[in-house]
Amino acid sequence: MTPEIVTLDGKSLSVSDFVEVARNRARVEISPGAKDRADRVRAAVERNLASGASMYGVNTGFGKLANVSVPHDQLLQLQRNLIASHVAGVGDPLPTDVVRGLMLLRANVLLKETSGARSLLAQRLADLLNSGIHPVVPEQGSVGASGDLAPLAHVAYALMGEGEVTLSDGSPNSAAAALRDAGISVVELQAKEGLSFINGTQAQSSILGLMVHDARKLWRSAHAATAMSLEALRGTPVPFDKRIHQVRPHPGQMKSASLLAGLLEGSEIRESHREGDPRVQDAYSLRCTPQILGPVWDAIEHAASVVSIEFNAATDNPLVFGDDVISGGNFHGQPVAFALDMLTIGLTTLAGVSERRIDRLLNPDTSQGLPAFLAANPGLESGFMMAQITAAALVAESRTLCMPASVQSIPTDGNQEDYVPMGMAAAFKCRRVLANAQRVVAAELLAAAQGLEFLKPLLPGPGVEKVYSRVRELVQPLAGDRPLTYDIERIAGFLQEESLA
């Protein structure tokens with residue numbers, strides 16, 4: 001059972017718990033042990049400060065200005081200036097689930113023994129999450145190099161009682177008023193804490209975590225659509241025989257074949273054409289589904305492994321190891337950017353092969369006797385003609401978004417940050433492609449369900465029958481031409497929330 005309370009300790013946050021907080025508003029608590037550990041490490045930072053040791057971003061300037069020493073009596077002003085100067089994001093606000101996710105991830109990182117920030121910062125983030133107070137974070141302005149500097153600065157600014165927020169009902173408010181009304185004290189950042197807060201990959205990682213969760217659901221639903229299309233086209237399940245895939249044992253391929261075989265088992269439609277069918281093989285979009293969608297699963301799981309590490313990794317800078325405070329580069333978002341680009345390619349592939357099956361269902365040259373465009377009266381009616389065109393448009397757009405953002409470095413900060421990963425750009429593309437893929441699979445589910453209408457009274461396998469019934473609970477059969485926008489969007493909305501297989 002998914003917990004209603006998620007406890008942060010800096011090292012064991014899972015994707016499922018992350019989604020519970022980001023999407024389902026689970027309550028956040030801080031482990032007492034993690035609080036004690038963070039405050040002990042903070043004491044080490046204070047000792048270094050008292051000794052007069054030079055520490056990057058603690059008593060020096062930032063980036064190109066790292067060689068500028070800052071007097072002790074100006075260290076708090078240094079942190080305030082850092083946050084205020086980095087509140088530079090532009091564009092539309094990030095969705096609330098992404099903002100909640102990045103707040104949770106930032107709290108988790110600040111609890112690590114390497115952070116050197118007071119546990120108070122993590123607690124204040126938990127307080128905001130539990131009160132439904134969400135900083136307004138513009139989506140543009142991060143290159144993912146020293147981390148997601150601008151997005152995280154907008155969150156830190158809200159903790160300082162500055163800037164704008166939205167409340168749990170979506171209404172806008174000032175951070176100062178929202179914190180006051182919720183009884184949450186503003187934070188005065190101490191030495192190092194501003195830098196600890198904004199160095200990290202939490203904005204791009206929040207999006208990747210949500211994409212992994214949604215892509216896993218969509219992958220299974222894409223198999224439901226495939227199986228229903230195969231039944232409507234009176235294809236064969238023989239290519240999903242496990243022996244074929246055991247001799248090429250890629251994990252995703254084997255999982256895909258097993259899922260399809262289970263969905264298609266016990267089909268009356270299959271038995272109706274077992275004998276006397278002149279076809280030797282089905283087209284690749286049916287026969288090779290495990291070999292096409294299997295690698296998509298492997299890409300999703302690679303992204304899941306990256307995000308599982310990143311959720312609990314030390315990504316701020318400098319890092320504290322005992323009495324040593326060491327500057328490094330764990331804030332660099334290249335692993336996350338790579339995973340997002342790979343996931344974008346995978347989801348585009350998933351959508352592309354789905355569109356090909358839609359075409360086979362509609363095209364009278366390939367639809368195995370189904371009416372042209374699945375219309376009851378072809379010619380008078382256009383049926384699902386435009387569903388395929390819409391799917392083609394979405395796939396074409398997705399393909400243009402497959403150019404990797406992670407190779408598009410553009411130097412920043414006076415060439416000090418001379419190779420950057422563009423993780424947020426990769427994240428934006430991935431979000432768009434996921435939404436496109438959900439709508440393409442929705443269109444296929446509608447077309448495949450309509451195809452089954454013309455094969456009655458023959459029934460598909462029980463697995464496909466359940467998928468068909470769920471589609472019909474949402475959308476009725478096409479009895480004549482009608483707008484398809486609402487049908488596609490309704491199914492796509494369902495796929496955002498649930499899996500069909």
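Q: How do you know that Gln 368 lies in a loop, and between which helices?
A: Gln 368 falls between helix 15 (334–362) and helix 16 (385–400), where helices are DSSP runs of H or I with at least four residues, strands are E runs of at least two, and both are numbered from the N terminus. This is a predicted model, in which local features need pLDDT of at least 70, side-chain atom pairs count only at pLDDT 80 or more, and totals for chains, interfaces and linings use all residues. Residues are numbered from 1 along each chain as its sequence is written, and side-chain values use heavy atoms, with hydrogens and water left out.

Q: Why is Gln 368 called partly exposed?
A: Its relative accessible area is 31%, and buried means under 20%, exposed over 50%, and partly exposed in between (1.4 Å probe, protein chains only). Gln 368 is therefore partly exposed. The backbone of Gln 368 also has a positive phi of about 55 degrees, although the residue is not a glycine.

Q: What makes Asp 413 partly exposed?
A: Asp 413 has 31% relative accessibility, so it counts as partly exposed. It lies in the loop between helix 16 and helix 17, and its phi is near 55 degrees, a positive value in a residue other than glycine.

Q: Why are Phe 18 and Phe 311 called an aromatic pair, and what kind of pair is it?
A: A search of the whole structure finds two aromatic pairs. In the pair of Phe 18 and Phe 311, the ring centres are 4.7 Å apart and the planes are at 45 degrees. Rings of Phe, Tyr and Trp (its six-membered ring) pair if their centres lie within 6.5 Å, and planes under 30 degrees apart count as stacked, over 60 as edge-to-face and the rest as tilted, so this pair is tilted. The pair links distant parts of the chain, with Phe 18 in helix 1 (residues 15–22) and Phe 311 in helix 14 (residues 289–311), 293 residues apart. Phe 18 counts as buried because its relative accessibility is 0%, and Phe 311 counts as buried at 1%.

Q: How do you know that Trp 219 and Trp 297 form a tilted pair?
A: Their centres are 4.6 Å apart, and the angle between the planes is 45 degrees, which makes the pair tilted. Trp 219 is in helix 9 (residues 202–232) and Trp 297 in helix 14, 78 residues apart, so this pair too links distant parts of the chain. Trp 219 is buried, with a relative accessible area of 0%, and Trp 297 counts as buried at 13%.

Q: What makes the charged end of Lys 255 sit over the ring of Trp 297?
A: The label requires NZ of Lys or CZ of Arg to be within 6 Å of the ring centre and within 35 degrees of the ring normal. The charged end of Lys 255 is 4.9 Å from the centre of the Trp 297 ring, and it sits over that ring.

Q: Why is Asp 487 called buried, and which residues does it touch?
A: Asp 487 has a relative accessible area of 13%, and is therefore buried. Its place is in helix 19 (residues 485–497). Not counting residues up to four places away in sequence, Asp 487 touches Leu 446, Val 475 and Arg 482, where contact means heavy atoms within 4.5 Å.
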